[in-house]
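Hello,

Please find the structure below, followed by notes on what was found in it.

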Amino acid sequence: MNHLNEDKLIQYAFDLLDADERHAAQQHLDACGDCRNALAALKAKFAAMDALDADEIPADALITRTITQCKQKPGTEVTGSRHPVANVWHRVIASCRSRSTLLSQPNIPPYRRVWVQWSAAAAAVALVCVLFLQNLPDTRVKKPDPMWAKHPASESGDALVAKKDSDAIQIPATPLPDDRMAALSTAVRSDKQAAFTNGVRVVSADEIPDVPPFAPASAIELVVLPKPDKTQVTIYNSKDLTLVRDTRKLTLKPGWNWLQFMWANTQIDPTSLSLTPLSHADKVDIQLISYPARLKDIGRWLIRSEVEGAVPFEITYFASGLSWRAFYMGTMNEDETTMDLKGYVNVSNNSGQDFENTQTRLIVGETRLTEEIRTLAQRRYPYGPDIMDDKEGLISHEINYPRDWKDISNRRRDLLLGAGIAGSLDGRYSGAPIVYWWDGDLGVKEIEKTGLSEYFLYTIEGTEDLTNQWTKRLPSFDVNDIPVKSLYKYDDDRYGKQPVRFVSFKNDTEHELGETPIPEGNIKIYRNLNDAQNLSYVGGSNIKYIPVNEDIELNLGPARLVKVEPVLIDQKTENHTFDPKGNIDGWDDIETYKVTIANTRDIPIDIEITWNMGTDAWELDYVDTASTAKDAITYKKHDKNRARYMMTVRPKSEKVFGHTIRKYRQKRIEVYIEKQIEQEQENKTFTEDKNGNFTLYVSNQSFAVNPVDIQVFVDGKKVISEKFDVNGGKMPQHNWIPFHFKVNPGNYDLRVESKKGKAVLNTSFEIKDKHWAVIDYWNYPKVTGGAGPTPPSFTFNIQNKPIGFQ
Amino acid sequence: MTQLTDRNLMDAYLAGENGAFEALVRRHGAAVLGYLVKMTHNKDHAEDSFQETFQKVHEHAATFTGDNLKPWLFKIATNTAIGNWRKEKKHAAVSLSVPVGCPDGEHCPTLESTLPANTPQPHEKLQLDEQRRTVRAALDKLPEKQRAALILNYYHKLTYHQIAESLDCSVNTVKTHIFRALKKMAALLPNPAGGIE
């Protein structure tokens, strides 16, 4: 079998073979594993070329320079071609040139050349004549006038829509500059030239017809949305929802204006569109929005305007496709006691549209929406049969809709604005964050953070261009020297045989944080190896949303430089018990382990070893080989079936300890329980001690029996037996006699009795650490000072802090 | 928003609509600059050629008769880049492997803020940078036409016919250029790491 050589493989991989060769190569590859492997290796080698990106986004400055340069140095074909006739003439020239190129090609038969030449010449002359006559008056105008302005709009507009539909001016994905938009809107201006104030002229309402015009029949009657002056996007990550607000200056003519908005190939929810004039609100009325039949993704607002000129508007709508995610980079110092933490936010735009010069705000938190914006964005029509919504009362897409649409969308908009901008989500929120506008370039952007009650709003400082299908990374915060604790954990049940590395700190001011919650995101942690700032990768983890003052424990994954090796040294059974038939019904399993912890790192490490016994009935003896207290093991019973050791292991050293575990099985578990009870009893101590951890006050609060005899028994043992006088102190009824005891943690039964006082109290209490308690005797046979009568009785109160008496 | 064709925009521009030209620059600017950076291996030179390319597009807009601007645009870009490179070579002996004004010749700090979504982490970035350097060095070793053909095919996904149009040669010549370029690249690129230990 002749294998495919490298040449053939390259030609095959890059489709350079002709059909027969390719077929033969394919057949060989199907049968030959070696060649398939060789092909795979070759492809893997060429995959390195993917390291270079195909595209390189040119900086805006470069584009501006390029455009400016072209304007300064006009091309011969375009220069002076503002006039339609000139343009057409140039196009004729161009087509003639291209024709001459065509004619110069040898494969055109001579008879066709002659035919084409004559036809083209005749057509060109006829076209030029017609257009020249049509535009004759304009050629006499020297200065720019409405017709001049109108020309590029109508001409280019027609040209632009030639392949789309004949009823609308399309907005290109990259908005055209304002001068074109001005030209377009000038086309719809009235010829009346009156006094303008700030570019706006107010006209009398009488001049406006009562009945609005029918839907525009051609593009020339439309005002087209110009490029926005300012844009703000607020991204609600949890719901794939973005609120977009932008302001634009629309040039209105007095009377009725149709304004067209398109959202083809975008993720805009058309039902959320809202248009609000920012000035002359009393003179400009947004009447309705209509969705032309048979035209997808187009909406037209009907605006009644009593002003002429440029009026700023705010347009708001919801879009999907924008998202953000946070990620972090931590750099620990050499001894891993502190960490520098940098936070970033990646904002991705897949909404189908570009947002230029945009203020970006990010919301952390859950929102509740009844509809997904993506679903709304993909409907055939904003309203209509396929999205029937009886509640809204909107049932058809072919007619102009009542103004309800605006109220509906506003309601939903307000819901979300409440969380992010200015109002209330459900009436609970107030104190809105400020909307920041900022122009210019700051260099490094920062993110403003503002707290809301259930949300958190991050405002990215300055403005950004969010280009469709691009992602921007923005720095969120940069905090140095956060004290951190590094801990290795070994827990066979949870993490397997390999110790796992944890780094913990707290989102509070002591740790240089605590200003804001930390959003969920991925974190990578590095360690500074030396003064040259060489880094080594320590591990990565995911951070969940961390509120202020919450602890953060980062699981950095398995640690390769620390090992824990438990070795089973001995295993046996003993203490067998037998049932009446002589069968074994209980025994003890005894396992002895030697545990070695190897630290190959150049710094000491703290490690926590958790040992799961697999049963509740167990006992453990451990032997620590440590020679100094610093190296000693700390052991505690973690819970009913797990033991936990804590220790420090010196750099580049091993630590060894051993333990023997006794596990009680079946009938022997009863023995274990008995031992536990006995142990508990033995552990209980309740002895008088001036420096003890339990202070018990006893007081007679009754004049009826004075003095009163009181005996206090704890777990049946009499600990106090005295007579208590109500006037024992400087002030009557304010004598609390303290008794101090040393008490081990545990539950205790308490009995208090008085023969003379005819009262008994039985209760129990628990001692964990330090506690203070009071026993009061009460007896008021008659109403005294408005209170009582109170029968003979005791009360007992206990707390874990000192008691203040009044 | 509805995407207009190159032809629509060019017609609009010829009709006096300056905005259409800007739209064209923005539409194809990234591809052209990417191509020029790889061709020249120098960001500054690439930007100069970029301006010059669009200047030529502006000047000769009326001669564009097709629907797809890319082959024509790359033809201009190729001629501009090769022309400029030859001029540079004649006047200054600057090593192309030492780009001017940009640490790695391609990923300048100004682009830092527009890194794509899967922005590599520092350790991955080091590896990626090394890979980029290797690929760029290998591309630099290719003759101009081979390099241009390979870049247009591999990175910009132009068909062989479109490349032939851009380089003013036949389809078979394009295939030959690409094959030779790939053969050299296969010799110059390192073998990928040999899997998991």
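Leu275(A) stands opposite Ile315(A) in β9(A). This is a predicted model: local features need pLDDT of at least 70 and side-chain atom pairs count only at pLDDT 80 or more, while totals for chains, interfaces and linings use all residues. Residues are numbered from 1 along each chain as its sequence is written, and chains are lettered from A and ligands numbered from 1 in the order in which they are written.

Strand β6 (residues 268-277) of chain A and strand β9 (residues 307-319) of chain A pair in the antiparallel sense over six bridges. Strands pair if DSSP finds at least two bridges between them; helices (H or I, at least four residues) and strands (E, at least two) are DSSP runs, numbered from the N terminus. Nine of the 10 residues of β6(A) are buried, so this strand is largely enclosed by the rest of the structure. A residue is buried if 20 or more other C-beta atoms, placed from the backbone, lie within 10 Å of its own.

For chain A overall, there are 12 helices and 37 strands. Of its 806 residues, 31% count as buried.

Chain A also has an open antiparallel sheet of four strands, in the order β22-β23-β28-β25. β22 (562-578) and β25 (618-624) of chain A are at the edges with a single partner strand each, so one side of each has no neighbour in the sheet. On average, neighbouring strands here are turned by 15° against each other, direction ignored. Helix α12 (residues 668-683) of chain A packs on this sheet, touching β22, β23 (584-599) and β28 of chain A, and its direction makes about 110° with that of β28(A). Axes are lines fitted to C-alpha atoms, for helices over the stretch in contact, and angles run from 0 to 180 degrees between N-to-C directions. Contact requires C-beta atoms, placed from the backbone, within 7 Å. Seven bridges join β25(A) to β28 (residues 653-666) of chain A, and Asp624(A) stands opposite Phe657(A) in β28(A).

In chain B, helix α2 (residues 18-40) and helix α3 (residues 43-59) pack at about 140°, with their axes 9 Å apart. Residues of α2(B) including Phe21(B), Val25(B) and Leu36(B) meet residues of α3(B), among them Ala46(B), Phe50(B) and Phe54(B).

Regards

Definitions and conventions:
Two residues are in contact if their C-beta atoms, placed from the backbone, lie within 7 Å. A residue is buried if 20 or more other C-beta atoms lie within 10 Å of its own, exposed if 12 or fewer, and partly exposed in between; C-beta atoms are placed from the backbone.
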